[in-house]
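Hello,

Please find the structure we spoke about below. My notes on it follow.

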Amino acid sequence: MDDAYEGSLSKSVAPAAPPLPGPATSYHQKGLVMNGLPLRGYSCVSTAAKDLWERLFDSGYKADVTIYTDYNGIIYAHANVLGMASPVMKGMLNQSKGHGRWRSLSIHGVPQDAVRVFIRFLYSSCSEKADMEDYVLHLLVLSHVFVVPQLKRECERQLEHGLLSTENVVDIFQLALLCDAPRLSLVCHRMILKNFKVVSDSEGWKAMMQSHPVLEKELVESVLDEDHKQKERIRKLKERKIYLQLYEAMEALVHICRDGCKTIGPHDKDFKEDQAPCNYTACKGLELLVRHFAGCRLRIPGKCSHCKRMWQLLELHSRLCDDSDVCRVPLCRNFKERIKKQSKKDEIKWKKLVEKMLRTKRIGGANFFSEELASPS
């Protein structure tokens, strides 16, 4: 009985779902590809619907608009489609006079094939990769003139991701300015700045010098300005590196005088042969400097460049140290007394150095060194 019940139950289970529709009627979902490009988000338009709209355009079934192009070219279209896709075309069609139900438009200045690709896009919102490569600039202009933002964004994207080069960047930059495409203008401008030497030798640059000398002057000025900014960034990076090295040297100095390291340290410290490696990066170089300072006969400030550097490090430490009474760095208290007698000019110089060093390390002037001294390892 149980077996019969289980058998009847298995027969009542719903059958497996049928396979998804084939490519002719499949829906473009997230992760799929159209025209060799990944789709973003979801699209409710099926391939069959896209093909239907393109067949309507190709066949011209019940077309009521005649579009005249260069070299006596004629393209047939539907007023309802054009009017819904482009507000500019809608206004032109409302003012157009024709014979009977027929109305006409004229689109000149671009190749007939580019106009055909443009009108086809108004029907299906799709374009072929080869058409984009051949007519992207014409399509950018047409999408701007007739206010078709979807096509305009697609043209910008195609140019930004593959069709832009050092040979055509000047022409596209000028076109982007005319067509109010700020992102494309920015991308072109960055490419010009990055490859100025190559771009300035291109035919497009030479043509711009003749037709738009003001724009050429502005680009040259922006290149000079960018070069100045780059040098300033390099200078600040080098300066920051120096301040970080000074801060590390201050840490290592406190460490050596408080704990000892390898062969140098306080007289009351015994070093073990198996002592762990030091974690302070500046310790090795500072040890050599301290060892030289201890044995140099020209230790008077100004006589020896190495000793002069050591004197400066000791004074810098004294300006960072919060409590000279417990500090084990040599001459810390002496420098504290000497600071009180310094000139205002020297005081400002040292104060700026300390502020920049602390700002670079981002410790906000915290009493780091005094805390280190208060908690010996």
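What share of the 377 residues in the protein is buried? Buried residues make up 35% of them. Please keep in mind that this is a predicted model.

Overall picture

The protein has 17 helices and five strands. Its accessible surface comes to about 24700 Å², and carbon and sulfur atoms account for 55% of that surface. Among the contacts in the protein with a separation of 6 or more, 57% are between residues 24 or more positions apart.

Helix α11 takes in residues 203-211, and helix α12 takes in residues 213-258. The axes of α11 and α12 come within 5 Å and cross at roughly 120°. An angle over 145 degrees would count as roughly antiparallel and one of 65 to 115 as roughly perpendicular; α11 and α12 are therefore oblique to each other. On the α11 side the contact is made by Trp205, Met208, Met209, Gln210 and Ser211. On the α12 side the residues are Pro213, Leu215, Glu216, Leu219 and Val220. Sorted by type, the residues of this contact between α11 and α12 are seven nonpolar, two polar and one charged.

Helix α11 also meets helix α8, which is made up of residues 169-178. The axes of α8 and α11 come within 7 Å and cross at roughly 45°, and that makes α8 oblique to α11. From α8, the residues Val170, Asp171 and Gln174 take part; from α11, they meet Gly204, Trp205, Met208 and Ser211. The residues of the contact of α8 with α11 divide into three nonpolar, three polar and one charged.

Cysteines

How many disulfides does a search of the whole structure find? The search finds zero. A disulfide would need a pair of cysteine sulfur atoms within 2.5 Å. For cysteine 179, the nearest cysteine sulfur is that of cysteine 155, 9.4 Å away, and cysteine 179 is in no disulfide. Cysteine 179 is buried, with a relative accessible area of 3%.

Cysteine 307 is in no disulfide either. In its case the nearest cysteine sulfur belongs to cysteine 296 and lies 3.6 Å away. With a relative accessible area of 0%, cysteine 307 is buried.

Regards

Methods. Residues are numbered from 1 along each chain as its sequence is written. This is a predicted model: local features need pLDDT of at least 70, side-chain atom pairs count only at pLDDT 80 or more; totals for chains, interfaces and linings use all residues. Side-chain values use heavy atoms; hydrogens and water are left out. Axes are lines fitted to C-alpha atoms, for helices over the stretch in contact, and angles run from 0 to 180 degrees between N-to-C directions. Helices (H or I, at least four residues) and strands (E, at least two) are DSSP runs, numbered from the N terminus. Angles under 35 degrees count as roughly parallel, over 145 as roughly antiparallel, 65 to 115 as roughly perpendicular and the rest as oblique. Contact means heavy atoms within 4.5 Å. Ala, Val, Leu, Ile, Met, Phe, Trp, Tyr, Cys and Pro count as nonpolar, Asp, Glu, Lys and Arg as charged, and the others, Gly among them, as polar. Buried means under 20% relative accessible area, exposed over 50%, partly exposed in between (1.4 Å probe, protein chains only). Accessible areas come from the Shrake-Rupley method with a 1.4 Å probe; for residues, only the protein chains shown count as cover.
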